[in-house]
Amino acid sequence: MREFGYERPTQPTDALAILGRTSGARYLGGGTNLVDLMKLGVETPSVLVDVTALPYDVIEEAPGGGLRVGSCVRNSDLAANLAVRRRYPVLAHAVLAGASGQLRNMATVGGNLLQRTRCSYFQDVTKPCNKRVPGSGCPAREGEHHNLAMFGASQHCIATHPSDMAVALAALDAVVHVSEPAGPREVPLADFYRLPGDEPQRETTLDPGALITAVELPALPLAANSRYRKARERASYAFAIGSVAAALDVADGVVRDVRLALGAVAPVPWRAHLAEQALRGGPATEHAFREAADAELAGAQPLRDNRYKVPLVRNLIVRTLSDLVDAS
Amino acid sequence: MTTLSRTVGAPVNRVEGKAKVTGEARYAAEFPLTRLAYGWVVQATIARGRVLSVEEEAGMRMPGVLAVITHGNAPRLQVVDDGELLVLQDEQVHYRGQTVALVVASTLEQARAAADALRVSYAAEPHDVLLSADHPRLYAPDHVNPNYPTDTLTGDVEAGMARAEVTVDETYSTPAEHNNPMEPHSSTAQWDGDRLTVYDSNQGATRVHQQLAQVFGLDRSTVRVLSEHVGGGFGSKGSARPQTVLAAMAARMLDRPVRVTLSRQQQFSMVGYRTPTIQRVRLGADRSGRLAALDHEVFEQTSTLYEFAEQTALFSRVMYATPNLRTRHRLVALDVPTPRWMRAPGEAPGSFALESAMDELAEACAVDPIELRVRNDAAVEPEGGRPFSSRNLVACLSEGASRFGWADRDPRPATRRDGRWLIGTGVAASTYPARSAPSTASVSAEANGAFVVRVTAADIGTGARTALTQVAADELGVPLERVDVRIGDSDYGPAMIAGGSMGMASWSWAVVKACRQLRADIDEHGGVPDGGLVARADTADDIAAQANLARHGFGAQFAEVRVDVDTGEIRVPRLLGVFAVGRIINAKTARSQLIGGMTWGLSMALFEESVMDAEFGDYLNHDLAGYHVAANADVQGIDVSWLDEHDDQLNPLGVKGIGEIGIVGTAAAIANAVYHATGHRQRHLPIRPDRVLSP
């Protein structure tokens, strides 16, 4: 690890200013990913600007009936929040499905959104990786990719986004509030991440130096009947191999509305729009859920060693929606 | 003289427990030394080839750097068998991750920063890192670990197979697995003239001290290795590893103490791992399941630096009676780090194959899997025909069946369901050799009434120090509090390592012998004289005089699994192990040992897998996020018990050793339960969700 500076401003303007004038400065939330990457030499910031003293650590009611979650709220506090648990249970489930208790106590909402892929090639500076060193190549396509993407990848990068929380946020149509040098901006989660294309090093649509201030959960009554289901290779402390965030509104056996997002299958939290379209207005049956899943999965492009994700995700969708029918 | 047993067998708390939980106990990397410098290993980034150059001068200009040691400036070492210890002796690269330089600096951070920045250029050559059963360079080693025959043959296996009414012929595989002790490998070396002292994390100071003397060409009396507290080893600290030699080398060059501690990532290439195995098992039997032939053929890997041949088929030489028995090991030397011991080397992977195959045979014969094992129980050791000193496999199976509730089991696969879970149960047998090795010990009677035992034992978390305290207290007829057992110091004289489940058997023998001698001396003196008394013991002659018997512990493992039909995820609500392992010295630490072994067996069954990167030649999931060991949430109910077994053909206390047997058979019991739950046989570990979903 290289030597680095450390600042802990209490005013957002100071944080933005330090980033603006310091080459190589990076924001630090809980440090549960960035510090690991510094130890590995993947990240070499000149200065860490610790944002946890900024006034972004509260969860409050938002105009319009939603919730506004400060970017420095710890993951544990988010998952424990009563309003979140009652109105957006999928989000609490997703956060609790991630990492370990110790990590959730440290990790922040903003940092969780910006965590980096766990692709082994990205994390090893002695190997090529287009995301880490643009143009150096992607060994994962021929190499180890059993937990990499089958949607949205490019020939340059097949990494997956590791967050559980962000999958729930994608299903909930969350909006990310950011401060940028040009002023504040609201970015729908759907527009927050970008697919790798030929620039896998660019993972979000944020300007350099942008500071996430909050995540807003819009009013979404059907989210009261929502859940997150994560499959993983051990019972705890493992990234997903496939996950589903779903919210369902069923009346008289008909799907009135649905939200569905998938994790561990794409470089971004993957909103399953095709499945949602297939479901809306249709029967709330296992058969229909399977057909909807297949409509989404028809676009999957699995690789040699991640084909299992197709049946896995199909099963997760069918089971999660069926459970939501039972719960409604 | 009375040897009334007062504490042996009791669940005594660890004598060093308070020191450990308060941080008072010092591990290898925690000894403060004046002018201590820190070394950081620079590892090869090619799997085969040569180092062309190292930019040493640029490295020396980095802050705090005291030395950049490479093959160009390293002192010459004496040639030893273990090529992994001959660090920085030439420009050849034998595997990715091999040491190509050591950067030494005033602080750990400076050493690491400079090591990260050090530029090394290579001439890479094509590498060969993948094991296969048809590899053109497979060969038969001279022997397998530690000194067993490579191949054995009794009878005529082909004739037996041809005559058999029922046959099983399947190939099983286990992946590379890494030991991952919590305490990293660390060595701190200090020279005083030609005298070398090393604070080292190891499983046996005697062996490390011998190896250091050899590699530096020193008289053994001038080398001292200290390892008072050790945070796990599981085989990976059974002998010296490169960091020990590097620390001593750097300390000599700089004339100041140097510490080299490996990172978690570095341990995935520098300290050993379990070889991947490919195992073909052929069983032939009559319709009642009685074996007519057993053929176990193993393919595994070693490195080009040192030959390590895992004794994987040894398990099949011990378990079941058959007139026709063949075992074979074939090895290929790849451009990979050297595989080494990892908990129950041989038996752990070997039992997965044979005990899975026995389950397949039970089904093919429509015989209950426990009954099948009872029908094939061996009266004498199947390979070689030696009598057993004791063999209580059948008793373990029947006790386990009773405790587990096996009698009600419906053998049909894929017929039990609870919601989205398929439920199954499985059984497998365990064994592990019960050996003793020559050791020395001394015990002194102090004038103040205390007794001090000195033995170069290692307590790697097993509770050995506590158990030896119990042994000595009973032999001396005094309370535990009057006995001070000191271990982990090569100056105490040669002793066996904590390995091969031989530690307690070997050390307790020497301690018992020394204590008995001391009591005789005290009696002779009519008490402890003012200057105290010391008795020493060496068990070499006693062990050489032992009868030629087959000595093994046995056990039976039971598992209940639940398999999620949607995701292929597996939960293990119940594991039960019943063991016949001679006398138990400490019921508490023994229980922990067996639970630990079974937990690791669960982890082996479902999670652990080091993934070889064919393009780059390293194990790429080289950290504890990528290499999955069982988390607490994976471990539900584990029940352990042991039979009251008395075997007077072992050692004075009748100890068989329990460090390894807990992991033997667990993975097969779980795999057999997964078959019972799903109807799909899992012949390749680990049983990942993708393998369950796409059988």
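Predicted model: local features only at pLDDT ≥ 70, side-chain atom pairs only at ≥ 80, totals over all residues.
Local features were taken only at pLDDT of at least 70 and side-chain atom pairs only at pLDDT 80 or more, while totals for chains, interfaces and linings use all residues. Residues are numbered from 1 along each chain as its sequence is written, chains are lettered from A in the order in which they are written, and side-chain values use heavy atoms, without hydrogens or water.

Aromatic pairs were searched for over the whole structure, and 13 were found over all chains. A:Phe151 and A:Trp270 form a stacked pair, with 4.9 Å between centres and 10 degrees between planes. The pair joins distant parts of the chain, 119 residues apart. A:Phe151 lies in the loop between α7 (109-113) and α8 (165-171) of chain A, and A:Trp270 in strand β12 (residues 270-271). Helices (H or I, at least four residues) and strands (E, at least two) are DSSP runs, numbered from the N terminus. A:Phe151 is buried, at 3% relative accessible area. A:Trp270 is also buried, at 19%. Buried means under 20% relative accessible area, exposed over 50%, and partly exposed in between (1.4 Å probe, protein chains only).

In chain B, ring pairs link B:Phe404, B:Trp406 and B:Phe558 into a cluster. B:Arg574 lies over the face of B:Phe404, 3.9 Å from the ring centre. The charged end of B:Arg681 sits over the ring of B:Tyr675, 3.9 Å from its centre. A charge sits over a ring if NZ of Lys or CZ of Arg is within 6 Å of the ring centre and within 35 degrees of the ring normal.

Helix α11 (residues 286-297) of chain A has 12 residues. Its span from first C-alpha to last is 16 Å, close to the expected 16 Å (1.5 Å times one less than the number of residues). Its buried residues are A:Ala288, A:Phe289, A:Ala292, A:Ala293, A:Glu296 and A:Leu297. These pack against β10 (240-251), β11 (254-263), β12, α10 (273-279) and α12 (309-327) of chain A, with contact meaning heavy atoms within 4.5 Å.

Zero disulfides were found over all chains (cysteine sulfur atoms within 2.5 Å). A:Cys119 is in no disulfide; the nearest cysteine sulfur, in A:Cys129, is 6.1 Å away. A:Cys119 is buried, at 9% relative accessibility. The closest cysteine sulfur to that of A:Cys157 is in A:Cys138, at 6.0 Å, too far for a bond. A:Cys157 is buried, at 6%.

Methods: Phe/Tyr/Trp six-rings, centres within 6.5 Å; stacked < 30°, edge-to-face > 60°.
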